[in-house]
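Morning, everyone. Please have a look before I start.

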Amino acid sequence: MSSASIVVIGAGLAGLRTADLLVQRGARDVVVLEARDRVGGRTLSRTFGRGTFDLGGQWIGPTQHRAHALARELGLTLFPTHHEGEKIVDLGGRIARYGGSIPRIDPLSLIELQLTLSRLQRKHRRVPTDAPQDAEDAARDDATTLGAYTRAHVRSPKVRALFEASMRVVFGADLDEISLLHFLFYAEAAGGLMPLIEVKNGAQETRFAEGTQALSLRLAARLGSRVRLGQPVRRVVTEAGRVTVHADGGTFEADRVVVAVPPVLARTIVFEPSLPPARRHLMERTFVGRTIKCMALYDRPFWRDRGLNGEVVTDQGPLAVAFDNVSYGGAQAALLGFSVGRPAGEHARKSAAERRHAVLERFARWYGPEALSPTEYVEHDWSEEPWSRGCPISLFGTGALAENGAALRAPTGLVHWAGTETARQWHGFLEGALESAERVVTELP
Ligand SMILES: Cc1cc2nc3c(=O)[nH]c(=O)nc-3n(C[C@H](O)[C@H](O)[C@H](O)COP(=O)(O)OP(=O)(O)OC[C@H]3O[C@@H](n4cnc5c(N)ncnc54)[C@H](O)[C@@H]3O)c2cc1C
């Protein structure tokens, strides 16, 4: 049996930053146990062609100050997402180009869209991000889904389709799966709906030249042998004022444990004595979204010649949105599409050749026939990763947050909780993972 003052479970960004902050504070015997044979969790950066690309989390936004600061601290290079040019909206089989934030739609639909956004803004502003369960309408909003809300409040099919297509990708889920309260909490934690979906001034504004996994790789390098890979944790036993963590490769005794894994995976760990019912129920009632990243590499970014910036939002499947994904310094031209929610499930059931054809055919529809001939085609389906099970986040089923939201961050004895799903700001994002790390270290002695 090895001994440590603090064992952190999970070497994603949250777990690694937690350990890093503890070491900076003077703790020497911190150990991070990671199930995979790599660090970074839901970030994964790889080289394709002449560029570095992200198969997981990719962008950061201007109000994600922790992520910006850590990138600076670790000497990483940031670059802006390409956004000059027109966007495309492809709804109900009709393609239109537009500039600015809102597609050109008929005046009545435009009014309805703006009314919907401001109604939702009034609602999310009333949700306290440190305690969404305390929102005035928490029980009512958590008893319904974003899909049901949209059907009840948005009459124009065009506005509904546009809203659905934009929001599905944020959660990797269909609107009928998303609790309205969780959606409102998510929007408030991001500072609004537009910051969630925009490139300029939004969550998609900035990329990492080295890929986002470099954040974790550099933190892990700083932590050295404190990070142990290939150590899935199966059991956490609290007894006589100490915690024993049973992993596949060994047993670790500690004063405290920080669980920095998403709730859908935390619930697979056996806790003895068993966790309080509120914490257990909260974890039992989570599920993960489904996102497949689909990327095609090209000799040159031909869509830019046509005045397009690569952004597309569509209800046509298999993709929901697409972006220009040219790598740092223009080294490698690429387009990126996201298949999410139910269409992602349908897409995954097709053969590799059919999937490639379906995505390239979409790209050709928007950007021109050159899109049919990429130099390489790459896909990554996070549902196939046993240590993520899906992405981008664990979602809370209807009723879970209103009933047991107070258990989300509350320490349970000597066990503490981190990870982006516990964040109050930019919950669900890289920034949220970092915020959770800052918060959890303040709880530790
Ligand atoms: C396709 C995709 C696109 C995304 N896009 C963006 C984006 O553009 N911008 C953004 O900010 N965010 C994005 N995200 C979300 C972002 O990646 C996550 O919010 C963030 O990486 C979560 O970090 P974390 O440390 O909380 O969790 P994770 O990264 O999930 O880390 C948890 C770690 O725990 C490990 N683990 C799990 N169970 C155990 C166990 N029993 N024992 C030991 N180890 C265990 C896992 O292997 C993992 O390494 C995206 C995610 C995906 C997948």
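How many nonpolar, polar and charged residues are in the shell around the ligand? The shell has 22 nonpolar, 14 polar and five charged residues. In that count, Ala, Val, Leu, Ile, Met, Phe, Trp, Tyr, Cys and Pro are nonpolar, Asp, Glu, Lys and Arg are charged, and the others, Gly among them, are polar.

Some ground rules. This is a predicted model, where local features need pLDDT of at least 70, side-chain atom pairs count only at pLDDT 80 or more, and totals for chains, interfaces and linings use all residues. Numbering starts from 1 along each chain as its sequence is written.

Back to the ligand. Of the 41 residues around it, Gly10, Gly12, Gly41, Gly57 and Cys391 come nearest. A residue is near if its C-beta atom, placed from the backbone, lies within 6 Å. H16 (430-443) is among the elements that supply at least two shell residues. H16 gives the largest share, four residues. Helices here are DSSP runs of H or I, at least four residues, numbered from the N terminus.

Why does the shell lie between domain 1 and domain 2? Because both domains give residues to it. The domain bounds come from an automatic or database assignment.

Now the helix pair. H3 (residues 107-125) and H6 (residues 157-171) pack at about 45°, axes 9 Å apart. Axes are lines fitted to C-alpha atoms over the stretch in contact, and angles run from 0 to 180 degrees between N-to-C directions. From H3, the contact uses Ser109, Glu112, Leu113 and Thr116. From H6, Lys158, Val159, Leu162 and Phe163 take part. Contact means C-beta atoms, placed from the backbone, within 7 Å. Those residues divide into four nonpolar, two polar and two charged.

How values were computed:
Contact = placed C-beta atoms within 7 Å.
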